[in-house]
Number of protein chains: 2
Amino acid sequence: MPAMSTIHPTTAPPLECLFEPRSIAVVGASDNTERMGGGMVLRFIQDHGFSGALYPVNPKRQRVGGLECHPNLESVPGPIDLAVLAVPAAAIPGVFAAMPEGHVRIAQVMTSGFAELDEEGADLEHEMIAAARAKGVRIVGPNSVGTANLWSGVVPSFSQFFDRTGLTPGEVALVSQSGAFGTAILAGAEQAGIRFGHFVSSGNETDLEFCDFGRHLLEQERVKAVCGYIESVKKGDAFVAFARRAAALGKPIIVLKVGASQAGATAARSHTGALVGSDTVAQAMFDALNVVRAADGEDLLDLARMFARTPPGRGRNLAVLTHSGGAGVMAVDAAEAGGCAVPPLPEGLAGRLADMLPAFATIANPLDMTGGAAFQGKLMADCMRAMLADDAYDAALLCVNLIWRDGPALMNELADIAASTDKPFAVSWVAPEADAARLLRDAPYPVYGDPARTARALTRRLVFDARCRALAAAEGDDDAPEVGPDASLALDGVAAQGRVLAAFGIRLPGERVCADVAEAEDFRLGKGVPVALKVASPDIAHRTEIGAVVTGIDDGPGLARAFDGVLAAARRHAPEARIEGVLVQEMVTPGLEVLIGVKRDPVFGPMVAFGPGGTLVELMGGVALHPAPFGVATARRLIAGSRLAPLLDGYRGGARLDADGLAETLSRVSHMAARRADIAELDLNPVAVLETGCVALDYKFTPRQVAP
Amino acid sequence: MPAMSTIHPTTAPPLECLFEPRSIAVVGASDNTERMGGGMVLRFIQDHGFSGALYPVNPKRQRVGGLECHPNLESVPGPIDLAVLAVPAAAIPGVFAAMPEGHVRIAQVMTSGFAELDEEGADLEHEMIAAARAKGVRIVGPNSVGTANLWSGVVPSFSQFFDRTGLTPGEVALVSQSGAFGTAILAGAEQAGIRFGHFVSSGNETDLEFCDFGRHLLEQERVKAVCGYIESVKKGDAFVAFARRAAALGKPIIVLKVGASQAGATAARSHTGALVGSDTVAQAMFDALNVVRAADGEDLLDLARMFARTPPGRGRNLAVLTHSGGAGVMAVDAAEAGGCAVPPLPEGLAGRLADMLPAFATIANPLDMTGGAAFQGKLMADCMRAMLADDAYDAALLCVNLIWRDGPALMNELADIAASTDKPFAVSWVAPEADAARLLRDAPYPVYGDPARTARALTRRLVFDARCRALAAAEGDDDAPEVGPDASLALDGVAAQGRVLAAFGIRLPGERVCADVAEAEDFRLGKGVPVALKVASPDIAHRTEIGAVVTGIDDGPGLARAFDGVLAAARRHAPEARIEGVLVQEMVTPGLEVLIGVKRDPVFGPMVAFGPGGTLVELMGGVALHPAPFGVATARRLIAGSRLAPLLDGYRGGARLDADGLAETLSRVSHMAARRADIAELDLNPVAVLETGCVALDYKFTPRQVAP
């Protein structure tokens, strides 16, 4: 039985009024309870046992669903916590226009035919939101199949999924940008024994959007995980705040985001654009913010089951137990691929396990208890108890096959462990017989079929928990660095751009933009090292390709030839380009070459890209993205997680390079990106990482207009 | 009802005697039919309706299972097609020793306690195989839970899975190196409605091994796919032949191979070793040979369902139909990620579909038929018929959600399409109600839950079929190139190694190993280009790191300094090294630098590695492996599939590089690797790909001893 509605004051926030309303009005209620409309919504609210005040609204009826019917919202005794609107689209703005201010706290607009249909619908949607705002009413939808809080029996929805009673609420919440797919997830979950307590079909999100619902649900004590079906993230800031709060609470956001293949379709014009397709950025945000991405709907349910039925893990060391070698190897493969370790047995534990098991058991991790154990639930459970009790392990995974006759005994043991351990464990149970399968669906611990699938789910739980701790530890790691006075200079020309970089503490080679050969030769002689010459022009992006760069110049005649050469090449290939002179740079003996880039994403704002440098970068991949700004600790994590990390450590007898200096530079670039809204893109490529510090050998800004 | 055993001559091959025996003797048969032993095997053979002659053998019994019992094999009227041995391990060699030659065609040894247990067991296994060979008997096992041919009711097994009757045979076969996991797969398959017709638990594979069974099963007309659970591939040659035959027949080998994480554990000493861990090699072989690798047990069943219930596809263009937008996007994401295209609707087809569907349907690919279509099975089916009938599409994927009431009508329509189309199609059906789910399990077309999962399975079918065609087209593309007389020179010193490379047509920079400065200066002046100096020593692997390489020398004094310098560096860092002089090389202006390597795998023999060159290669990944030898067409495919391909095409305005020349070089290296068994490893790194041809700028052989 659902609990009674919670009592809350009239001034309760709108989302509290949505999920815990004391009163609901259904505008468009009718006695047709089989069609997707107000009649069906009213019936579902009644069927699921809503205990507050319920008001059908329909000018053509006296009574609906056994209740007195009101001709309009105004005649319903207010204030109304939740008004459900299921009348034709054209009538909706008028409903808001007619209501007194303060009469309705939140409106759930189920009608479709708005912006999702055509231009006219979009205009109607604008009209509706303006009318609602004028009355201080927040909106869910339009084009929503409804919402549900099964804990309180509040089901204002016409999704066919709710055309039943007896649904047991659970600790998982779902917010879906697709009504149909959201409903499909709920239905799949119910068949799989995974219980959702809250559901929102967010529709067109004309007002309240994904993150608003998610933030509210996250704060509910009963909610252990918020799942989302996302087609697009609309408000980057809100998403970041939502995800940060989730990580702080240790509750996961599990998202199924579609549209990955469209990244390919939006192959961008500039090369940095090609790195940063929209799904790529979303994935980078998920990585940075510890949002758990599901591969598909079934994977989402696997994760929901894991987070609902396990406590958080304290580390990533996994114990694996099997009665068949192959299953253990599969689990280990998947666990290691997912970022967990499967460390060997400590000596004392090995001895204890050997005492418990037959002589031909494999006393190791994975522990092969041998086929005979399959018929001894107590023995398997005792082995798992022993491994979970050891500090060497943070979690356990038990693989069993079939066990048709002795399943119940094992299940009892496992339920006992679940009640007594504070470590997560999961069970892979391949092909249980039908009765056992039904019981396992509802077990107080997570059960899957395939061992690899089980390991993937458990591994992601442990990795999520570890990242929550790491994010908490890095809290406050985003203090802006001190910058020089040039940090605010306009990005006007190559020389000014160089001064801006220097002001942010980004080291450049000694250089001067020279007007003539004499000035260049003077610079060269002053440095006493070989120099490179590059045409200085804000209009030429890729100088090397057009022959406007000459390197390794170490004498006067060579310099004179090169000076003329780069200018000639520039004029030949880009006759319209503004030419400021020739940039003469001291040549730095490169250590490791990396790329540091900035790209401004329309949703998430400035992102920093980091990866291998040189011309191969875009094609070789391995570029990581992180939202700006971030501090040195985060930069270190980015570097440590990249394929470049081993190279910094002194590769093949080379010198150890300055990873800390690189982290410092990455963080400084991120702060520049965050502060300078006029940077659309920036390419520092290559940046040479040296034994001490690092030097940006080339840079290319793409400025953008910013409203003052 | 299983069919009657096929009649075949006494001289039938052993595997025919295994799967279609006219007579079976069970040595160790008893009346204990509940314990895993001969009694259970006899019962299962009887229960599953074996129609041939069945002989229990047990010296202590007169009758077993209602049949006359024989005291030993010799007293059974021969020849016996199949002898099942389920007596203690120690007794097994004696069973072979006692039997007359020709009396038994094949023996299935179920007993464990051989090589899998300990050294003593291994000795016993050697004794057994020697005794069996002496009598001309082939062996399945030992340590096998048995085999099955459900088509003929032949089930000599004691796997608990077969403790039932009424199993319907199907077109999928399974060979498993793990009895327990193999059984688990069968059980999972049965619950999922996927029917296996043949099963082999190959046990220790002391004689007949994975590929022997697979090859035989592949040739059975009824078998559409051979699934395998593999812990290790034992015979590389046999595996290659097996896979080639499968591709030629267009039947997939679907493998679940465990042990991927052990690649990490076997981190090799030499850097090339690190590239080529054993699982990496296995994966390369699967890629090269078009073997389909399953991610886990459930994935294996997904693939088995797909291949059993669809005809081969003629291309990779997929039509996607939905009644909910989100599902379509998920399917498209997965299809494109898997290598299929989802091309737009041809104009005529678009018009026809628009005529069939409501105005607010999305007439595109994916086709969104809108929620209303969910209640019109005929309409959805007609849209799919229209798309499948169009030449623009090679296959179709229909996504449906729920459809609890109108499911049967849609299923009838789909069955009708399956019976009439020659193109593959698959259905994603999320959360069908229980009755529908039971019907869908057994539908004549493949049905899955999640849309992405469905797309992944269908995509792999289409990619497999396309690769079968590509492999057939490349047939014969492995003619050895003409080689020079030096091709057989011993790999004795740097100079000889260079001559061997040259003899195989691998271009090297102009170079000479010089004994003194004068000879080096003479070489430099003769070439008229800058040169590089490198110490010439068979004992020094990484010359750059120890300062034994100097580049860019273009004058006499510089050459003299460098000559002394590299020798001094070599003597300082490797005082024991044999020094042959100093290698003077003309410097090639590098185009694109790639790596070409050779590594000899203990199972699969010589492999060629190909990827980005320079010092970053091992860390940046992107190295492809292919078994040697291969022809130019295969090399072109390798190049086209690599991340280097766009660079060869003229990247960022650079020149178009000689991809054909690179393919030629790759093929030549592969032939050298295949012919020269004395090459353990070879590193050509970097190889400069130029506008015409390519040049190996550095090479490092690791020779090995070869028995004459």
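Me: Contact means heavy atoms within 4.5 Å. Leaving aside its neighbours within four places in sequence, which residues is B:S428 in contact with?

Reply: This is a predicted model, in which local features need pLDDT of at least 70 and side-chain atom pairs count only at pLDDT 80 or more, while totals for chains, interfaces and linings use all residues. Residues are numbered from 1 along each chain as its sequence is written, chains are lettered from A and ligands numbered from 1 in the order in which they are written, and side-chain values use heavy atoms, without hydrogens and water. B:S428 sits in strand β17 (residues 425–430) of chain B, strands being DSSP runs of E of at least two residues and helices runs of H or I of at least four, numbered from the N terminus. Beyond those sequence neighbours, B:S428 is in contact with B:L398, B:C399, B:V400, B:Y448, B:G449, B:D450, B:P451 and B:T454.

Me: Is B:S428 buried or exposed?

Reply: Buried means under 20% relative accessible area, exposed over 50%, and partly exposed in between (1.4 Å probe, protein chains only). The relative accessible area of B:S428 is 0%, so this residue is buried.

Me: Turning to chain A, what share of its residues count as buried?

Reply: Chain A has 24 helices and 28 strands, and its C-alpha trace spans about 100 × 80 × 40 Å along the principal axes. Among its contacts between residues at least 6 apart in sequence, 71% join residues at least 24 apart. Of the 708 residues, the share that count as buried is 58%.

Me: How far apart are the end C-alpha atoms of helix α12 (residues 325–337) of chain A?

Reply: The buried residues of α12(A) include A:G326, A:A327, A:M330 and A:D333, and the helix is followed by A:G339, whose phi is positive, near 100°. The expected span is 1.5 Å times one less than the number of residues, so the 13 residues of α12(A) should span 18 Å. The model agrees with this, as the end C-alpha atoms are apart by 19 Å.
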